[in-house]
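Me: I would like to go through a protein model with you. Please keep the answers plain.

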Amino acid sequence: MRKIIFILITLGMLLFVGCGQQTGQANKENNQGMPEKNMILATTTSTEDSGLLDYILPDFEKKTGIKVKVVAKGTGEALEMGKRGDADCLLVHAKEKELQFIKDGYGLNRHDVMYNDFIIVGPAEDPAAIGQKAPNDAVAAFSLIANSKEAFISRGDESGTHTKEKSIWEKAQINPSGAWYISAGKGMGAVLQMADEKRAYTLTDRGTYLSMKDKLDLAILTEKNKDLYNQYGVIMPTPKDKKIKEAEAQAFIDWILSPEVQELIGKYGVDKFGQPLFIPNASK
């Protein structure tokens, strides 16, 4: 009798495990019974913090059936993910680094997608007087901030924004250091919040600032200068020792460069801010 009971219990456990496996498999399939497609997009924090990805990605997922997992990092870290094969596609904004990434054999191709610009923001009282003395000169504005020793929050994360910031300090022939220069090691949204709390200056992309403007007490003080141009690019990585999902990545690239999605990008922010947060300029 004990042997029969043992056999029945064992059969029941096998049936339970088998049903669980079938349920798990069903969860990985779409409504048509086909395995669900997915991909990892490594991108800069500004595309996420500005709300752009939440605005456009549902269109991609609906049209292709490909689910996108977004990993928002600084551009430097996103490129490192591409090198390691930890991302299937990259959407970043440090063109010189991107071109070197391709040259070093880590990327198959790169395309311009869109641009906006960087701005220098700070407290409206503007103790370094950059709005008055350097409203359209980023290099002069940085010099005024350094000379005044007013607080400046740096991304400090090798992101596209941090790369741009370092290039401006270099043009100003200044090596920023001291208590006034704060390296945050955080994303754009978090840095804007820190600048707001500390009544400090910072460099930000216009899109993220506008998307958070209502929650901040920071004013645009320096803008519209050639040193503040901010180009975004899309890259298919080609890691040397790990396979990426090339079909899914190519589908994403074709989609974001398409006229329909370029138009969608150009509309984002117009209704709320009276201007687009990003200007489409796709190149194929």
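Me: What does the accessible surface of the protein come to, and what percentage belongs to carbon and sulfur atoms?

Reply: The accessible surface is about 14400 Å², and 53% of it belongs to carbon and sulfur atoms. Accessible areas come from the Shrake-Rupley method with a 1.4 Å probe, and for residues only the protein chains shown count as cover. Please note that this is a predicted model, in which local features need pLDDT of at least 70 and side-chain atom pairs count only at pLDDT 80 or more, while totals for chains, interfaces and linings use all residues. Residues are numbered from 1 along each chain as its sequence is written, and side-chain values use heavy atoms, with hydrogens and water left out.

Me: How many of the residues count as buried, as a percentage?

Reply: Of the 284 residues, 47% count as buried. Buried means under 20% relative accessible area, exposed means over 50%, and partly exposed lies in between (1.4 Å probe, protein chains only).

Me: How many helices and strands are there?

Reply: The protein has 13 helices and 10 strands. These are DSSP runs numbered from the N terminus, with helices being H or I of at least four residues and strands being E of at least two.

Me: Turning to salt bridges, how many does the structure hold?

Reply: There are 19, where a salt bridge is a side-chain nitrogen of Lys or Arg within 4 Å of a carboxyl oxygen of Asp or Glu. One of them joins D227 to K171, with the closest N and O atoms 2.5 Å apart. D227 lies in the loop between β8 (219-222) and β9 (229-237) and K171 in helix α8, so the pair ties together parts that are 56 residues apart in sequence.

Me: Is D227 buried or exposed?

Reply: D227 is buried, at a relative accessible area of 9%, whereas K171 is partly exposed at 49%. D227 also forms a salt bridge with K226, the closest N and O atoms being 3.7 Å apart. K226 counts as exposed, at 70% relative accessibility.

Me: And which residue forms a salt bridge with R206?

Reply: The partner of R206 is E223, with 2.8 Å between the closest N and O atoms. Since R206 lies in helix α10 (residues 206-212) and E223 in the loop between β8 and β9, this pair ties together parts 17 residues apart in sequence. R206 counts as buried at 10% relative accessibility, while E223 is partly exposed at 21%.

Me: New topic: why is the pair of W169 and Y181 edge-to-face?

Reply: The ring centres of W169 and Y181 are 6.1 Å apart and the planes are at 80 degrees, so the pair is edge-to-face. Rings of Phe, Tyr and Trp (its six-membered ring) pair if their centres lie within 6.5 Å; planes under 30 degrees apart count as stacked, over 60 as edge-to-face and the rest as tilted.

Me: Lastly, at what angle do helices α11 and α12 pack?

Reply: Helix α11 (residues 246-257) and helix α12 (residues 259-267) pack at about 65 degrees, with their axes 5 Å apart. Axes are lines fitted to C-alpha atoms, for helices over the stretch in contact, and angles run from 0 to 180 degrees between N-to-C directions.

Me: Which residues meet there?

Reply: W255, I256 and L257 in α11 meet P259, V261, Q262 and I265 in α12, contact meaning heavy atoms within 4.5 Å.
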